[in-house]
Structures are given as C-alpha cells and as structure tokens.
Amino acid sequence: MTGGRNLPARERRSWEAWLGDSKTPASPPRLAQQLDALLRAGPEPQVRNGALARLSKRLRQAQPGPVYYDRIERTPVGALWVAVSDKGLVAVEFETPEREFRRRVERRLRAPAVRAERPTVKARRQMLEYLQGRRQSFELPVDLRDLTPFQQSVLRAALAVPRGHVSTYGQIARRIGRPGAARAVGQALGNNPVPIVVPCHRVLGSDGSLHGYSGGRGIKTKAWLLQLEGAQLTPA
Amino acid sequence: MPALDVEALVREYARPIHAYLWRLTGDAQVAEDCLQDTFLRAVRAAASGTQVAQPRAWLYAVATNSARDHARKASRRLQREQLLDSDLVDRSDAPPEAAARSDQLRRVADAVRRLPPKQRAALLMRKYQELDYDEVAAALDCSPATARANVYQALRRLRAWLSDEEEA
C-alpha cells in the first residue's frame, strides 16, 4: 500500500522529498511552505517553560520518594534492618542479607531504597530502647500503604493489643468484623512488614499456644518479646 | 527490554512531546493537560515495571491517545454547552491562529484541524517530530505501511481541500 497513490507522480516525489521519505531532491509543493509556516511554529517560550515547570512539579508529587534503611547491629534478638519512608516506618526485618532486604523493600514500595543513618536514626533508637527494656511503646508512624485494606485492618487491630496482653487470631478476626477469617488473619500477621512495632507477637493461637513467628529465631523470639513485655500468656 | 527511566524520558522528550501536543490539539491548556497525563502514565508504567521496547514511540502513543480522549470529552462538553448557549467557545487564542497571519494560512490551519485525528497525528509525527515510520506505526498501533498511508492521505486531503483556493 503506497500512501501517495492518488497523487500525480511528480507531486508525490516532491512530497516524498519534503517528508524526508526520499533522497531524490525535488522542490516542495506550494502547500508545503504553508504547512511549514503553520506547523513549525511551536508554543511560545513562556507557555512551554510554564508547562514544563508544572510537569516537573506534578511528577515530583506523583513519584514515591526514596526509602531509607539501615541496620541495628546488636539487639537482644540479633541484628535488625529498619526502613522508613517520608510517611513512616515501612519495614523491620530480622537478620537478612542486605541485598535481599533492600530488594524486597524496593519491590514492595516501588521506590529506590537508600542506606542512610540520619533518616533512620529515630526508628533505630526507639527499636533498640524497646528491646533493651528502656522504652514502653513506640512513637513511630507506620506506613502500610502497599498493603490491602484487609491486611491494614488486621495490623491496626494488632496495634491495639496493649503491651503485656495477648490476643488470638480469632479475636482479631472478630474485632475487624470478619469472624470467619481467623486463618487469613494469621496469614496477614505472618506477613507483617513491621514486626515488633506492630506487635503481631501478641497474637496467639486460639488454644493459647505461641503458634508461630516468622522473625528471628521463630517461636523463641516471640516468647522472648512477650516475656520482655511481662505478658500473661492467657488471651484476654 | 528495559523498564522506563522517567527522568531520562522527561529530559529528552518533554519538550518535543509538548510541541507535538500543542500542534495536535491547537490549545495550550489541553496540550499541557495531555503532557501531564502522558508523563504520569510513564511514572505508573515505570512503577509497575512495564517493559517498553520503543520509549519514544510509546510516549507519542500515550500523548496521541490522551489528546483524543480530551477531544472526545471536549466535544461532549461543547455539545452540552451549545444546548445552553448558542455562542461557540471563543477559540481565537488557539496557537495555530497565532501563527496564521494571513487568510490563506488560516485556511490551511482550518484544513489541518479538519483532518481525521489519525492522519493529523501521523503527519505531525513524521514531519515535525521527525519520527520514522516504524515509530509512527508503534505510536498509532498500526503497520508502518498504514502509518505512511495516513501521512499521504493527510496530504492528499489537504491538497484537495486547498487546491481550489490555490488555483483561484
């Protein structure tokens, strides 16, 4: 299919030359000069610069800022990684290779993760104080934007279990109005991206067993945290 | 295939895409809105790890679609407004008119605006944005032969519409 089929051959050649479709020189059709005059005109510089400046601003707002992370070398439960966004704490992980942790955070939040001391200092300090028994509660916002509404409601319910107390998966399920969802609650807590701060360790099996804990040394770490908090191991 | 690097795309293509949209839509505000839509789409595509083989053609495709959507919304709005008010929206500040200093140029401007959207987009991309036919084809989601045909059909139409005046 040749587009210029219905144009006379001579005129087609001149359009081809004008468009750069052919190397054969030919004088452009008269209409071409008018089209050039009309369409070569671009936006006025002030229109263009305004549009480009507003574009940059809009993109800055839309793009997720970087996430900062750092390591807490020595805590009673081993080394920990913490990561924070501009909105709050996004990740706490027990001993993991740095690359693995960084990649997981970057994939979850779709933002670059940068290792940095200063932005993470508050989170690291509070975490260490808590684990050393010098702090009763966290004053850290958590940023759970990448989680589903269900996961968020489960973690918020877990956050409401006070220090020194325990709850069960079934109780959390009822508290969020999904009484049949104990198993899904267990799963959401098992994937808690900010353990210790969102105290999923305070949630036990319905029989009061420790059930499981995905961080640190598993159930031993869960038991250690509950002991640190002086928990009575009977669900309220 | 690489994921999109939005910063690099903005650096390299924000200006030509803006000029393209400005020419395509003939309206500075619509061009700016479409420019933002286009690069916000790029941000979302980059965030979801979408792989793009021809970033430039991809941007032109998104920009062209965005302009088309705007035109549809505007024509619906215009229809509603015309029901309320028989006065047409004053478009005297539309950019092509700013360049059209003579009646003749104004007639060419009107003719270009009357082109079917796909032909207008193909002509602008090929001639004024200097895309090759493979890229125009990728942007318009058609074959390179069809992209080329669209460009020539645009010229044929313009010529047919304007030849009477030329001969006169």
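Helices (H or I, at least four residues) and strands (E, at least two) are DSSP runs, numbered from the N terminus. The model is predicted: local features need pLDDT of at least 70, side-chain atom pairs count only at pLDDT 80 or more, and totals for chains, interfaces and linings use all residues. Residues are numbered from 1 along each chain as its sequence is written, while chains are lettered from A and ligands numbered from 1 in the order in which they are written.

**View 1. Helix α1 of chain A and its buried side.** Helix α1(A) spans residues 9-19, and its buried residues are R12(A), S14(A), W15(A), W18(A) and L19(A). A residue is buried if 20 or more other C-beta atoms lie within 10 Å of its own, exposed if 12 or fewer, and partly exposed in between, with C-beta atoms placed from the backbone. The five buried residues cover an arc of only 165° around the axis, which puts them on the same side of α1(A); the arc is that of the directions from the helix axis to the C-beta atoms. An α-helix has 3.6 residues a turn, so residues three or four places apart point the same way. The face of α1(A) turned away from the buried side carries the exposed residues A9(A) and R10(A). After α1(A) comes G20(A), with a positive phi near 85°.

**View 2. The open sheet of chain A.** Four strands with mixed pairing form an open sheet in the order β3-β2-β1-β4; two strands pair if DSSP finds at least two bridges between them. Because β3 (89-94) and β4 (113-115) of chain A stand at the edges with a single partner strand each, one side of each is left without a neighbour in the sheet. From one strand to the next the twist averages 25°. Strand β1(A), residues 67-72, pairs with β4(A) in the parallel sense over three bridges, and Y69(A) stands opposite R115(A) in β4(A). By contrast, β1(A) and β2(A) run antiparallel and are joined by five bridges, with I72(A) opposite L80(A) in β2(A).

View 3. β2(A) and β3(A) pair in the antiparallel sense over five bridges, and A83(A) stands opposite A91(A) in β3(A). The two strands β2(A) and β3(A) form a hairpin with four residues between them, and G88(A) in the turn has a positive phi of about 155°. Helix α5(A), residues 121-131, packs on the sheet and touches β1, β2 (80-84) and β3 of chain A; the direction of α5(A) makes about 140° with that of β2(A). Here and below, axes are lines fitted to C-alpha atoms, for helices over the stretch in contact, and angles run from 0 to 180 degrees between N-to-C directions. Two residues are in contact if their C-beta atoms, placed from the backbone, lie within 7 Å.

**View 4. The packing of helices α1 and α2 in chain B.** Chain B has eight helices and zero strands. Of its 168 residues, 43% count as buried. α1(B) and α2(B) pack at an angle of about 150°, with their axes 9 Å apart, in a right-handed crossing. A crossing is left-handed if the near helix is turned anticlockwise from the far one by less than a right angle, and right-handed if clockwise. Among the residues that make the contact are L9(B), I17(B), L21(B) and W22(B) of α1(B) and C34(B), L35(B), F39(B) and V43(B) of α2(B). By class, this contact of α1(B) with α2(B) has 16 nonpolar, three polar and no charged residues. Ala, Val, Leu, Ile, Met, Phe, Trp, Tyr, Cys and Pro count as nonpolar, Asp, Glu, Lys and Arg as charged, and the others, Gly among them, as polar.

**View 5. Helix α7 of chain B.** Seven of the eight residues of α7(B), which spans residues 133-140, are buried. They are Y133(B), E135(B), V136(B), A137(B), A138(B), A139(B) and L140(B). Just after α7(B), D141(B) takes a positive phi of about 55°.

**View 6. The side of chain B that touches chain A.** In this interface, 40 residues of chain B are in contact with 29 residues of chain A. The elements that give two or more residues to this side of chain B are α1 (6-25), α2 (28-47), α4 (95-99), α5 (103-114), α6 (117-128) and α8 (144-167) of chain B. α8(B) gives the most, with twelve residues. By class, the side of chain B that touches chain A has 27 nonpolar, four polar and nine charged residues.
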